[in-house]
Amino acid sequence: MKRALSILFFVIILLATGCDNVQASLTRGEVSPEWAAAAESFYNDAISVTAPDHARPYSIMVVEHGKVVFEQWYDGKTPESRYDVQSISKTVLAMAAGFAVKEGLFSVEDKVMDFFPEQLPEHVSDTLAAMTIRHLLTMTCGLEESPRLLSVFHKDADADFDWIREFFASSQASMPGTQFYYNLFSSYIMAAIIEKTSGKGVMDYITPRLLEPLHITDMEWKNSPAGICVGGWGMKLCTEDVAKLGQLLLQHGKWNGCQLLPAEWVDTMTSRLVESSPRQAFIKFSDPAVLNDPENEHSQGYGYYVWQGKHGTYRLEGLGGQLVFVSAEKDVVLVFTSDSNMEQKYIDLIWKHFAHFF
């Protein structure tokens, strides 16, 4: 009954604030020659990189003061092209969690294990007992991914097992909240909680709350073999729709005069809530010197599935160079879609050509 009333209240608020108004596209402004020149030099620099590094930009879009002032596609891509945006999916999931908290489906202090009593291990570890939704959102859940979980990313892998049960059985890395560790499957558990409490798939849940107001009509998000949204990956979007997500955060959750996400939620998810370290998900494959480099882009802190960055920015980031830099101070959203294995080098290349705007 409480859930039904919460959803009814949400719908009433939408109607009362005129949130049924939909702006299909971002507003276009005059093309900025400064941004265009920076983009050209960046592109030429990026494609000149040779093996073993690799960088192939697909698109760049700049939204400044609410208007698109530069947009360009490369390598045969078009405005309609969709890209696998990888872990940008996690930021969308954090938005979904914000709607759920707003509607009273759960709080960030709720214990994760309480949502899945039937899938708990025989012995509940101290780490699992202490884990909250906040720990999932900040990548401080305290568990490492098991090899079996990571195997689902291998081609032709047998992924038809209970991912939730396997997550709970994973090795302990630390007590929740004490150490950043980029656990890919924390987002899967987050998605499962949203689905369990809302009674809807994540895509169905966010469609009237997020996708329809932003006029995002051609989005794809993969499900696990169990039919649960994978959460932290598997999303395909076009460049402009990615830019809309960044612009929504820049506007503190407001769109076309309507407060979609609570401003407090957006401010929290885009803040430096925990310390971070570079590529912590792959720590066992990484150079310790890199992991401890305070100048690395992944050393700047982390919010709710949002990276903090240099030059006063925060960042939505997906593997392979899917990047959205947001600057509240400069009122800018800078978007890249790419095929790159350069990681930090790629971000360094971006700052080489664009840092002066920030």
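This is a predicted model: local features need pLDDT of at least 70, side-chain atom pairs count only at pLDDT 80 or more; totals for chains, interfaces and linings use all residues.
The largest share, 3 residues, comes from β10. By residue class, the lining of the second largest cavity divides into 6 nonpolar, 2 polar and 3 charged residues, and the space within this cavity is about 40 Å³.

The structure holds 2 cavities of 30 Å³ or more. The largest cavity has a volume of about 110 Å³. Its lining consists of 13 residues, and those nearest the centre are Glu317, Gly318, Gly320, Gly321 and Glu343. Strand β10 (314-318) and helix α13 (344-354) are the elements that give two or more residues to this lining. The lining of the largest cavity is made up of 5 nonpolar, 5 polar and 3 charged residues.

## Salt bridges

The count of salt bridges comes to 16. In one of them, the side chains of Arg56 and Asp75 meet at 3.6 Å, N to O. Arg56 belongs to strand β2 (residues 55-64) and Asp75 to the loop between β3 (67-73) and β4 (82-84), so this pair ties together parts that are 19 residues apart in sequence. Arg56 is partly exposed, at 32% relative accessibility, and Asp75 is also partly exposed, with a relative accessible area of 42%.

Another salt bridge joins Lys196 and Glu118, with the closest N and O atoms 3.0 Å apart. This pair links distant parts of the chain, as Lys196 lies in helix α8 (residues 186-198) and Glu118 in the loop between α3 and α4 (126-130), 78 residues apart. Lys196 counts as partly exposed because its relative accessible area is 40%; Glu118 is partly exposed at 45%.

The side chains of Glu275 and Arg272 form a salt bridge at 2.5 Å, N to O. Here Glu275 is exposed, with a relative accessible area of 53%, whereas Arg272 is partly exposed at 42%.

## The surroundings of Lys236

Lys236 is found in strand β6 (residues 235-238) and is partly exposed, at 31% relative accessibility. Beyond residues up to four places away in sequence, Lys236 touches Arg82, Tyr83, Asp84, Asp218, Met219 and Glu220. The C-alpha atoms of Lys236 and Glu220 are 5.1 Å apart in space, while the two residues are 16 residues apart in sequence.

Technical notes:
Residues are numbered from 1 along each chain as its sequence is written. Side-chain values use heavy atoms; hydrogens and water are left out. On a 1 Å grid over the protein atoms alone, a cavity is a set of points where a 1.4 Å probe fits but cannot get out, and a pocket is an open set with protein on both sides within 12 Å along at least five of seven lines; lining residues have an atom within 4 Å of a point. Grid points are joined across faces, edges and corners, and a volume is the space filled by probe spheres set on the points. Helices (H or I, at least four residues) and strands (E, at least two) are DSSP runs, numbered from the N terminus. Ala, Val, Leu, Ile, Met, Phe, Trp, Tyr, Cys and Pro count as nonpolar, Asp, Glu, Lys and Arg as charged, and the others, Gly among them, as polar. Buried means under 20% relative accessible area, exposed over 50%, partly exposed in between (1.4 Å probe, protein chains only). Contact means heavy atoms within 4.5 Å. A salt bridge is a side-chain nitrogen of Lys or Arg within 4 Å of a carboxyl oxygen of Asp or Glu.
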